[in-house]
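Thanks, everyone. I will take a few minutes on one model, starting with a ring and its surroundings and then moving to the strands. Please have the view open.

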Amino acid sequence: QVQLVESGGGLVQAGDSLRLACAASGRTFSSYAMGWFRQAPGKEREFVATINWIISSTTYADSVKGRFTISRDNAKNTGYLQMNSLKPEDTAVYYCAAGYFSSSQYNYPYWGQGTQVTVSS
C-alpha cells in the first residue's frame, strides 16, 4: 500500500511560480513511477508529468513542457512539481499518483487527495 499527500497549492498571479510536493509512504513506493495529473472544473482529469524513480526518466504534457519540472528526493520519499510561468489555464486541482511510468491515469493505482492551484490573470 502507498499513501500520498500533496501540498504547496495556492492562489498566485499569472507569471508566478509554485512548487507542489507529494510526500509518499509505503515500503514499495520507490518501485513505482510518480505522476502528476490535474483536473479543472468541468473538464476531464489530464496528465501533466511523470517520473521514473529508478532511472529518472521524465515525460511531460505538451501544455507544460518547458514551464514545469518534475523531480524527486529519494531520501525524503517526496516528489515535486516545480511550476513556472503559470497561466490562468493552469488553474486546477493537482493530484500526484504512484503507479507505472505512463501518461494514462489508469496505470496509477495510488492517488493523493489533491491540492488546488488557482492562477489569476
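Trp111 counts as partly exposed, at 25% relative accessibility; the scale calls a residue buried under 20% relative accessible area, exposed over 50% and partly exposed in between, with a 1.4 Å probe and protein chains only. Before going on, the conditions: this is a predicted model, local features need pLDDT of at least 70, side-chain atom pairs count only at pLDDT 80 or more, and totals for chains, interfaces and linings use all residues. Residues are numbered from 1 along each chain as its sequence is written, and side-chain values use heavy atoms, with hydrogens and water left out.

Now the rings. Rings of Phe, Tyr and Trp (its six-membered ring) pair if their centres lie within 6.5 Å; planes under 30 degrees apart are stacked, over 60 edge-to-face, and the rest tilted. The search of the whole structure gives seven aromatic pairs. In one of them, Tyr32 and Tyr110 have ring centres 5.6 Å apart and planes at 75°, so they are edge-to-face. Tyr32 is in the loop between β3 and β4 and Tyr110 in strand β10, so this pair ties together parts 78 residues apart in sequence. Strands here are DSSP runs of E, at least two residues, numbered from the N terminus. Tyr32 is buried at 14% relative accessible area, and Tyr110 is buried at 18%.

Back to Trp111: its ring centre is 6.4 Å from that of Tyr95, with the planes at 75°, so that pair is edge-to-face. Tyr95 lies in strand β9 and Trp111 in β10, so the link spans 16 residues of sequence. Tyr95 counts as buried, at 14%.

What lies over the face of Tyr95? Arg45 does, at 4.3 Å from the ring centre, and Arg45 also lies over the face of Trp111, at 4.4 Å. The criterion is NZ of Lys or CZ of Arg within 6 Å of the ring centre and within 35 degrees of the ring normal.

Next, the strands. Two strands pair if DSSP finds at least two bridges between them. Strand β9, residues 92–99, pairs with β11 in the antiparallel sense over three bridges, and Ala92 has Val117 as its bridge partner in β11. Strand β2 pairs with β11 in the parallel sense, over four bridges; there, Gln13 stands opposite Ser120. On β11, Thr115, Val117 and Val119 make up the covered face, while Gln116, Thr118 and Ser120 make up the uncovered one.
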